[in-house]
Amino acid sequence: MSLPTIPIITVFERSPDGGKGLARDMRVRWALEEVGQAYEVRLVSFGAMKEAAHRALHPFGQIPTYEEGDLVLFESGAIVLHLAERHAGLLPDNANARARAIAWMFAALNTVEPPILDLQTTKFLEGDKPWYEQRLPLVQNRIRDRLGKLSDRLGAADWLDGAFSAGDLMMVAVLLRLKASGMLAEYPNLSAYVARGEARPAYKRAFDAQLAVFTGKPPTA
């Protein structure tokens with residue numbers, strides 16, 4: 001009888017976020033912790049990410065990747081969806097609710113995240129450009145448009161569609177990128193929503209594990 005395969009994920013050897021949980025491997029770690037699946041980690045440097053061995057796993061030379069037996073996946077959303085479909089706990093049993101949870105995953109990645117990433121690009125790569133002062137408010141307004149609609153939809157609910165799901169996991173992970181900007185604080189219900197995600201035991205375990213890679217210190221028991 002063969003032993004079960006332990007998935008392997010690749011993560012930054014030295015995360016550019018300083019271990020704050022913003023790298024995309026955090027989403028996969030969180031999902032693995034939510035479903036109770038043990039996993040192993042392979043650290044990759046920025047140089048190794050561009051080499052042929054890693055690009056055989058991820059054609060764009062990024063992280064994370066996911067290896068489980070002869071299955072290799074890239075893109076955090078695809079990996080989280082795979083885990084949610086293979087394990088109980090991240091997708092509802094009801095078919096319609098399940099479809100809605102998956103729709104929220106796509107909304108997080110395709111609707112909410114792009115302007116947030118645009119803000120980061122604007123601040124860190126274009127701050128010295130002559131168009132920066134004109135461009136920044138436009139980017140911020142696009143984000144506020146998305147956040148306002150999301151805030152209206154969430155209302156006073158704890159989660160986006162009933163119980164916590166993979167849709168909430170991805171949405172919280174995306175919104176966390178805004179905490180440092182102060183923009184999230186403009187929407188108290190979204191701030192509370194993100195805080196609920198961060199308070200989940202599975203999130204805390206995942207955060208401690210990825211922080212330990214950056215600090216070199218094992219997670220606190």
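Helices (H or I, at least four residues) and strands (E, at least two) are DSSP runs, numbered from the N terminus. The model shown in these views is predicted, so that local features need pLDDT of at least 70 and side-chain atom pairs count only at pLDDT 80 or more, while totals for chains, interfaces and linings use all residues. Residues are numbered from 1 along each chain as its sequence is written, and side-chain values use heavy atoms, with hydrogens and water left out.

**View 1. Arginine 177 in the loop between helix H7 and helix H8.** Helix H7 covers residues 166-175 and helix H8 covers 188-199, and arginine 177 lies in the loop between them. Its relative accessible area is 14%, which makes arginine 177 buried (buried means under 20% relative accessible area, exposed over 50%, and partly exposed in between, with a 1.4 Å probe and protein chains only). The side chain of arginine 177 makes a polar contact of 3.2 Å with that of glutamine 120; such a contact is a pair of N or O atoms within 3.5 Å, where within protein one must be able to donate a hydrogen and the other to accept it, and residues adjacent in sequence count only if both atoms are side-chain atoms. When residues up to four places away in sequence are not counted, arginine 177 touches Leu22, Arg24, Arg27, Glu113, Ile116, Leu117 and Gln120, contact meaning heavy atoms within 4.5 Å.

**View 2. The open sheet of four strands.** The strands stand in the order E2-E1-E3-E4, with mixed pairing; two strands pair if DSSP finds at least two bridges between them. Because E2 and strand E4 (71-74) are at the edges, each with a single partner strand, one side of each is left without a neighbour in the sheet. From one strand to the next the twist averages 25°, where axes are lines fitted to C-alpha atoms, for helices over the stretch in contact, and angles run from 0 to 180 degrees between N-to-C directions. Helix H1 packs on this sheet and touches E1, E2 and strand E3 (65-68), its direction making about 145° with that of E1.

**View 3. Strands E1 and E2 with helix H1.** Strand E1 (residues 8-12) and strand E2 (residues 40-44) run parallel and are joined by five bridges. Along this pair, isoleucine 8 stands opposite glutamate 40 in E2, and isoleucine 9 stands opposite valine 41 in E2.

**View 4. Phenylalanine 12 in strand E1.** With a relative accessible area of 14%, phenylalanine 12 is buried. Its contacts, leaving aside neighbours within four places in sequence, are Ala23, Leu43, Val44, Phe46, Met49, Ile63 and Val213. The C-alpha atoms of phenylalanine 12 and valine 41 are separated by 9.9 Å, although the two residues are 29 residues apart along the chain.

**View 5. Backbone details at proline 64 and glutamate 75.** The peptide bond leading from isoleucine 63 to proline 64 is cis, with omega near 5°, and proline 64 is found in the loop between helix H3 (52-55) and E3. Glutamate 75, in the loop between E4 and helix H4 (76-86), has a phi near 80°, a positive value in a residue other than glycine. Glutamate 75 is partly exposed, with a relative accessible area of 39%.

Terms used
A crossover is right-handed if, with the strands pointing away from the viewer, the path from the first strand over the helix to the second runs clockwise.
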